[in-house]
Amino acid sequence: MSIENAKWYVLHTYSGYESMVKDNLSMVFKKNNMEDRLYEITIPLEDVVEEKNGKRKIVQRKKFPCYVIVKMEYNNSMWHMVTNTRGVTGFVGPQGRPMPLTEDEIKRMHLEKVVVESNLIVGRQVKIITGPLEGFIGTVDSVDAVNQKCKVIVSMFGRDTPVDLEMYQVEKVD
């Protein structure tokens with residue numbers, strides 16, 4: 001079995017059970033000696049600006065509450081193993097049968113790491129092109145080409161705020 005045969009599937013869970021399902025799935029696959037068929041379990045998160053007591057801060061929230069996304073090699077015996085995992089209500093697809101995500105859906109959800117050629121320079125200005133700070137202009141503070149991340153200083157609410165971003169979220173300002 002190889003990662004080329006693996007596809008992304010969406011699982012529906014009980015509300016608030018996403019993290020427990022992630023842990024339980026790992027345990028179930030390990031217990032059945034099938035961890036080589038489960039490549040990734042993801043609970044997509046997004047940064048949201050939240051205001052509380054007059055102060056604003058960035059918090060992480062689940063993008064899709066009640067859903068867990070898995071990359072795995074699927075067969076019928078796995079359907080029983082996954083759907084009988086505590087907290088899972090079923091696969092997303094027709095009649096509860098798994099339907100793999102399309103390439104377009106995978107790209108839009110940023111499930112696969114996109115390698116971006118890093119031509120960011122510390123001290124240069126960039127524009128944030130996606131996420132809760134979309135449209136903000138900031139200054140590159142640091143670049144981590146290996147992990148495809150960068151730290152950008154953005155002027156927010158009257159003060160400079162460091163923000164950790166993925167490289168695909170920014171573009172150079174000429």
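Helices (H or I, at least four residues) and strands (E, at least two) are DSSP runs, numbered from the N terminus. The model is a predicted one, in which local features need pLDDT of at least 70 and side-chain atom pairs count only at pLDDT 80 or more, while totals for chains, interfaces and linings use all residues. Residues are numbered from 1 along each chain as its sequence is written, and side-chain values use heavy atoms, with hydrogens and water left out.

The C-alpha trace of the protein chain spans about 55 × 40 × 30 Å along its principal axes. Of its 174 residues, 33% count as buried; buried means under 20% relative accessible area, exposed over 50%, and partly exposed in between (1.4 Å probe, protein chains only). Contact means heavy atoms within 4.5 Å. Among contacts between residues at least 6 apart in sequence, 57% join residues at least 24 apart.

The interior may be considered next. A nonpolar core is a set of buried Ala, Val, Leu, Ile, Met, Phe, Trp, Tyr and Cys residues joined through side-chain atoms within 4.5 Å. The largest such core has 17 residues, of which Leu 25, Phe 29, Val 70, Met 72 and Val 82 touch the most other members. Two or more residues of this core are given by each of β1 (7-13), α1 (18-31), β2 (38-42), β5 (67-72), α2 (76-83) and β6. A second, separate core of 13 residues includes Val 152, Met 156, Val 163 and Leu 165.

Phe 29 touches Met 34, Glu 35, Leu 38, Met 72, Met 78, Met 81 and Val 82, when residues up to four places away in sequence are not counted. Met 78, Met 81 and Val 82, together with Thr 83, are the buried residues of α2. The elements covering these buried residues include β1, α1, β5 and β6.

Thr 85 lies in the loop between α2 and β6. With a relative accessible area of 4%, Thr 85 is buried. Beyond its neighbours within four places in sequence, Thr 85 is in contact with Asn 24, Leu 25 and Val 28. Thr 89 belongs to strand β6 itself (residues 88-91) and is partly exposed, at a relative accessible area of 39%. Apart from its neighbours within four places in sequence, Thr 89 is in contact with His 12, Thr 13 and Tyr 14. The side chains of Thr 89 and His 12 make a polar contact (2.6 Å); the term denotes a pair of N or O atoms within 3.5 Å, where within protein one must be able to donate a hydrogen and the other to accept it, and residues adjacent in sequence count only if both atoms are side-chain atoms.

The second largest pocket is lined by Gly 54, Lys 55, Arg 56, Lys 57, Ile 58, Met 156, Phe 157, Arg 159 and Thr 161. On a 1 Å grid over the protein atoms alone, a pocket is an open set of points where a 1.4 Å probe fits, with protein on both sides within 12 Å along at least five of seven lines; lining residues have an atom within 4 Å of a point. The largest share of this lining, 4 residues, comes from β4. Met 156 belongs both to this lining and to the second core.
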